[in-house]
Amino acid sequence: MKTKVRPINEMKLVIPSNSSNESFARSTVAAFMAQLDPTIEEMTDLKTAVSEAVTNCIVHAYRDTIGHIWIEAGIFEDGRIVVQIKDKGCGIPDVAKAREPLFTTGGSERAGLGFAVMESFTDKLRVRSTVGKGTTVTMEKRIARRYRHDS
């Protein structure tokens, strides 16, 4: 029987998809991640990936409306942080196509590199999406130093 590994610490955050909340989301995940004692590079990598995922929700998922973005993060005994960013927006018709570098539905002002950036700055990236129901992006990053338990 396979048992699900539970995080040793976790956080949840729900924010409106206002562009002003992108930096708040990035900073909140970074503050949570700090307990893993990451290097500056590890922290910057994950902050950038979170920023891209939240920006995708703001720009693409809800387009001309405001919706909610759910952010959950868990820290595991093996030094991994798993961050899940979820929206209930328009969804992605073709996830494989959307993950191709330079593909965008955001017009000429968008570079189409969001998923490529997320993938390059994390160890694992999963994207699940259903048209009309939303998208869930799950990112994992292993931090070189191990979690230090509080006594």
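## Charged pairs, a hairpin and a helix

K88 sits over the face of W70, 5.0 Å from the ring centre, where such a placement requires NZ of Lys or CZ of Arg to be within 6 Å of the ring centre and within 35 degrees of the ring normal. This is a predicted model, in which local features need pLDDT of at least 70 and side-chain atom pairs count only at pLDDT 80 or more, while totals for chains, interfaces and linings use all residues. Residues are numbered from 1 along each chain as its sequence is written, and side-chain values use heavy atoms, with hydrogens and water left out.

**Rings and charges**

- R80 likewise lies over a ring, namely the face of F76, at 4.4 Å from the ring centre.
- The structure holds zero aromatic pairs, a pair being rings of Phe, Tyr and Trp (its six-membered ring) with centres within 6.5 Å, called stacked if the planes are under 30 degrees apart, edge-to-face if over 60 and tilted for the rest.

- Strand β4 covers residues 124–130 and strand β5 residues 134–142, and they pair in the antiparallel sense over seven bridges; strands (E, at least two residues) and helices (H or I, at least four) are DSSP runs numbered from the N terminus, and two strands pair if DSSP finds at least two bridges between them.
- The two strands, β4 and β5, form a hairpin with three residues between them, and G132 in the turn has a positive phi of about 85°.
- S129 has T135 in β5 as its bridge partner.
- K124, which belongs to β4, is in contact (heavy atoms within 4.5 Å) with T138, M139 and E140, once its neighbours within four places in sequence are left aside.
- Between K124 and T138 there are 8.0 Å in space, C-alpha to C-alpha, although they are 14 residues apart in sequence.
- K124 is partly exposed, with a relative accessible area of 43%, on a scale where buried means under 20%, exposed over 50% and partly exposed in between (1.4 Å probe, protein chains only).

**Salt bridges**

- Side chains of opposite charge can pair when their charged atoms come close.
- The structure holds six salt bridges, each being a side-chain nitrogen of Lys or Arg within 4 Å of a carboxyl oxygen of Asp or Glu.
- One of them joins the side chains of K141 and D45 at 3.5 Å, N to O; because K141 lies in strand β5 and D45 in helix α2 (residues 40–61), this pair ties together parts that are 96 residues apart in sequence.
- Both K141 and D45 are buried.
- R126 and E140 form another, with their closest N and O atoms 3.3 Å apart, and the pair links distant parts of the chain, with R126 in strand β4 and E140 in strand β5, 14 residues apart.
- R126 is partly exposed at a relative accessible area of 37%, whereas E140 counts as buried at 13% relative accessibility.
- The side chains of R80 and D78 meet in a salt bridge of 2.9 Å, N to O; R80 is buried, with a relative accessible area of 15%, while D78 counts as partly exposed at 30%.
- A network of salt bridges links D78, R80, R126, E140 and R142.

**Helix α1**

- Helix α1 has 13 residues (residues 21–33), which at 1.5 Å a residue should span 18 Å, and its end C-alpha atoms are 18 Å apart, which agrees; the expected span is 1.5 Å times one less than the number of residues.
- The buried residues in α1 include N21, E22, A25, V29, A30, F32 and M33.
- Among the elements that cover the buried residues of α1 are β1 (9–16), α2, β2 (68–75) and β3 (80–87).
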